[in-house]
Amino acid sequence: MKKILSLNKKNRTSVLFNFRLRFIALIFFLVFIIFFFQIFNLSVLNNSIYQTASENNRIINIPLYSNRGLIYNENGDLLVDNIVFQKLTMVPGPHDNFEKVLDELREELEISDEEIQTFKKSLENRTYKYQPITLVRKLSQEQIARFSLKKSRWPSVKIEADLMRHVLDGFLYSHVLGYLGQIDIEAINSSLEYKYPLDALVGKAGIEKFYERQLRGSVGYKTIEANVHGIEVREIRTTSPVKAPDIQLSIDRELQVIARDSLKDKTGTIIALDPSTGLIKALVSFPDYDPSLFNLGKIEKLHEIISNKDAPLFNRAISGNYPPASTIKPFLGILGLNEDKLDWRTEIEDKGSFQITEGGRVFKGWKEDGHGMVNLSKALIESSDVFFYQLALKLKIGEISNFLMQIGFGSLTNIDLDNEQSGVVPDKRWKLGNIGSSWYLGDTVNIGIGQGYMTATPIQLAVATSALANKGDAFQPRVVKKIGSEETARQLLYSIETDSNNWKKMESSLMNVISAWNGTAHNVFDPKGPKIAGKTGTAQISSLSEEEDYSIVRQESSRRDHALFIGYGPVPDPSLVIVVVIEYGESGSSVAAPIAKKMFDHYFSSKL
């Protein structure tokens, strides 16, 4: 400035003008730089962020779902189908007064408060702004007609076709097939590889649950441009879902029908399986239920099922815990032989009762007068309790529990159905931890006849019986024979080791349970029928005091014994194992064994 002031007036004016010109040019240059940087920032540096924010307002990825896989039985009959129904969906947009729309729809279509609340809950959990939410799951024809007349009033509401699960045979396969139910938000959030819709129905029991991943198939996507009401303007691209495979069960329909008909006036379960593969041929738990009631969401009927004191939802075949009673005796016999605690000639005198020490507790046999001199074979044929009381004491509880656990008792068989239970194989440690007291010799005596603290599931008994039929090998049970075109694989669960002579004599003894005049199941012997090996069981569910008489106790049905039968045939090449458990049935011989006989007869005659 001093330099400018020292110039003459003309020159000062010129210099000042040039200074102002450069200053203004500098301001314009800085403004240009700022604009240029901002454009570069929007178009290059943060392009993806702004692009995504923009497209979320109008570009929507709509999941596309495969039709749920169908289910067939072994005979190729369709068991579970998908049927079309119409549902009402809504896409609340930012400019919609959806409360007003809901009120109008509630009045016009008589929508229940429960449906409205379910809709609002789903709305809170939706994952993107224009996600369609189901308002009415299954529209009646009258609702469809009413909506169609006035649908222009509600541009964000529309009728969509969907598929619903339909079980064709009603009750017959209920505990095998299971049912669908509404998915919960936790399941949606935890399913990272598959995007479930908010109103998805997923498997909640049986095959539907166990094979949920296979039956649902894959998910595809359709990318659309939508207006402010969520209505599609144009389709941008589509990736189709892969079709879900169909599933074929190994269940034989006619055998399943006979099993269910045999249980209609009883409570219990029947399992039939092929011992050479582990494939289930029949599995019935009774009482049962109609899976379609769950699939259709008939709430009033569901309350009746859930509140039923006979627990029709309870799958007794895989979750029921029962004392195995005398059906455990063949296995303890093999253990005794393997541990050299007896041989086939070893005899004891069965006087009808047994005491560990003189003056101690009396353990009664089922036959008051006893069986006289008995060896292992006779003890199996007549089911001598005293013989196995003494054998259990010779074996000790540690040996018994270890062996029983080796052959699958006390653990899951991993059958392909949900909610299987493991049963109980007790020992000293188990009793101390669960009962809080020491193990007594009397506990071991009770285990000798499958009573006391031991429980087994019917599916464990079926697998163990298949080991008898196979002379050692037991295979993992399964109800699915084929997924799509792929056969399910046979898996070895365990092998019982003993010499061939033991297997031969064990099978002969178990055949005589039925064919010998003194066998406990001789009442079902048919000299012209297939050769069957088996063992009866009658399980006490409560201990009787010295003063109680069973003939009086049995007048109360809930205190009667359970009836059991395990068997396989035809000998020598068995292709079917059957286990029957009838709650409060009292007699394995007269109640359980005849049911098994009927099923054996039908199955083998149908194969001729």
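At what angle do helix 15 and helix 18 (residues 397-406) pack, and how far apart are their axes? The angle is about 115°, and the axes lie 11 Å apart. This is a predicted model, in which local features need pLDDT of at least 70 and side-chain atom pairs count only at pLDDT 80 or more, while totals for chains, interfaces and linings use all residues. Residues are numbered from 1 along each chain as its sequence is written, and side-chain values use heavy atoms, with hydrogens and water left out.

- Helices (H or I, at least four residues) and strands (E, at least two) are DSSP runs numbered from the N terminus.
- Axes are lines fitted to C-alpha atoms, for helices over the stretch in contact, and angles run from 0 to 180 degrees between N-to-C directions.
- Helix 15 crosses helix 18 in a right-handed sense; a crossing is right-handed if the near helix is turned clockwise from the far one by less than a right angle, and left-handed if anticlockwise.
- On the helix 15 side, F331, L332, I334 and L335 are in contact with E399, I400 and F403 of helix 18, contact meaning heavy atoms within 4.5 Å.
- By class, this contact of helix 15 with helix 18 comprises six nonpolar, no polar and one charged residues. Ala, Val, Leu, Ile, Met, Phe, Trp, Tyr, Cys and Pro count as nonpolar, Asp, Glu, Lys and Arg as charged, and the others, Gly among them, as polar.

**Helix 15 and helix 17**

- The axes of helix 15 (residues 329-338) and helix 17 (residues 385-395) come within 10 Å and cross at roughly 45°.
- The crossing of helix 15 with helix 17 is left-handed.
- K329, L332, G333, L335 and G336 of helix 15 meet D385, F388, L391 and L395 of helix 17. By class, the contact of helix 15 with helix 17 has five nonpolar, two polar and two charged residues.

**Salt bridges**

- The structure contains 31 salt bridges, each being a side-chain nitrogen of Lys or Arg within 4 Å of a carboxyl oxygen of Asp or Glu.
- D169 and R253 form one of them, at 3.0 Å from N to O. D169 sits in the loop between strand 5 (157-167) and helix 7 (174-177), and R253 in helix 11 (residues 253-262), so that distant parts of the chain, 84 residues apart, are linked.
- D169 is partly exposed at 25% relative accessibility, and R253 is partly exposed at 29%. Buried means under 20% relative accessible area, exposed over 50%, and partly exposed in between (1.4 Å probe, protein chains only).
- K243 and D246 also meet in a salt bridge, at 3.6 Å from N to O; K243 is exposed at 59% relative accessibility, whereas D246 is partly exposed at 24%.
- The side chains of E583 and R316 form a salt bridge at 2.8 Å from N to O. E583 lies in the loop between strand 23 (576-582) and helix 24 (588-607) and R316 in helix 14 (residues 316-319), so the pair ties together parts 267 residues apart in sequence.
- E583 and R316 are both buried.
- A network of salt bridges links R68, R165, E208 and E212.

**The loop residue K367**

- K367 is located in the loop between strand 15 (362-364) and strand 16 (372-374), and counts as partly exposed at 35% relative accessibility.
- The C-alpha atoms of K367 and T346 are separated by 21 Å, the two residues being 21 residues apart along the chain.
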